[in-house]
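Trainee: I am new to this one. Can we go through it together, term by term?

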Amino acid sequence: MATYAVGDIQGCYTSFSDLLEAIGYSPTRDRLWLVGDLINRGPDSLAVLRWAMQHEAAVEVVLGNHDLHTLAVAEGFVEANRNDTLDELLSAPDRELLLAWLRGRHMAYAEGDYLMVHAGVLPQWSAQDTVALGAEVEQILRGEDYRFFLSRMYGNDPDRWQPELRGMGRLRVITNALTRLRVCSAEGKMDFRFKGELPDLPPGLLPWFEVPGRKSADTTLIFGHWSALGLQLRERLIALDTGCLWGGQLSALRLEDRRLYQVPCAAQDQVKKLWHA
């Protein structure tokens, strides 16, 4: 049995199928850890979501910002962006089953020495803290009040963690860190404007994983979200968003021996690069 961590798919089902073939994936033998943003902006979100639900016994998923955005669009709380590709999914006869399944996924997933999130972990959080805080959002998404949460999910405030936070402010900080974070101050103040490459970091900001004294530094972090960051394979850091959607590659890392597998973006999956994921 092998475990493969896979970068942001974003509806690129053909590329995902190519990657599964490249690793020789068997759902009866292997497990996939998907780092979020399964859907949106690529051409076949419906096929990706159906595949993931069908294989849920062998798949661990954390939710990304595009997955949460899809849930909010489906409920009518926000309008689809002009670059969204959700029409087929949202008009599918099994949409409610698929969306309910999506709401049941993790915000953070830990196993052994690994912690998987979509985007980032604030410096004040240990791995154990991260899973516990993610579970607070999971409970809301899986419960009767999920529409209330989705209707108030958007926003950048509060922009830092404080343990005494309660209500939507607390849930929004947790959600933003786990699904949107790229950079922050040394004190953990989140900044969502920067989406570029490391050499272009503005003064006063650090990649969340380079904040001195980060409490999760003793755990190996697996994440995606930051396509401009690209592949990062460090001793305790695995970044797997390699920009498949933009004509890059879709990446999988076998955790047992850190063997890397990559396939080029399939021609039908590629979109014009106007923004970063």
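Mentor: Start with strands: they are DSSP runs of E, at least two residues, while helices are runs of H or I, at least four, and both are numbered from the N terminus. Two strands pair if DSSP finds at least two bridges between them. This is a predicted model, where local features need pLDDT of at least 70, side-chain atom pairs need 80 or more, and totals for chains, interfaces and linings use all residues. Residues are numbered from 1 along each chain as its sequence is written, and side-chain values use heavy atoms, without hydrogens and water.

Trainee: How do you know that β10 and β11 pair?

Mentor: Count the bridges: β10 and β11 (residues 237-239) have 3, in the antiparallel sense. At least two are needed, so they pair.

Trainee: What makes β4 and β10 edge strands?

Mentor: The open sheet has 5 strands in the order β4-β5-β9-β11-β10, with mixed pairing. β4 (109-111) and β10 (232-234) each have a single partner strand, so one side of each lacks a neighbour in the sheet.

Trainee: Why is the pair of Phe 16 and Trp 51 called edge-to-face?

Mentor: Rings of Phe, Tyr and Trp (its six-membered ring) pair with centres within 6.5 Å; planes under 30 degrees apart are stacked, over 60 edge-to-face, the rest tilted. Here the centres are 5.0 Å apart and the planes at 90°, so the pair is edge-to-face. Phe 16 lies in helix α1 (residues 13-23) and Trp 51 in helix α2 (residues 45-54), so the pair ties together parts 35 residues apart in sequence.

Trainee: Are Phe 16 and Trp 51 buried or exposed?

Mentor: Buried means under 20% relative accessible area, exposed over 50%, partly exposed in between (1.4 Å probe, protein chains only). Phe 16 has 1% and Trp 51 has 10%, so both are buried.

Trainee: What makes Trp 208 and Phe 209 an edge-to-face pair?

Mentor: Their centres are 5.4 Å apart, with 85° between the planes. Trp 208 is buried at 0%, and Phe 209 is buried at 7%. Ring pairs link both into a cluster with Phe 194, Phe 223 and Trp 226.

Trainee: How do you know that a charge sits over the ring of Tyr 146?

Mentor: The test asks for NZ of Lys or CZ of Arg within 6 Å of the ring centre and within 35 degrees of the ring normal. The charged end of Arg 103 sits over the Tyr 146 ring, 3.6 Å from its centre. Arg 180 lies over the face of Phe 192, at 4.0 Å.
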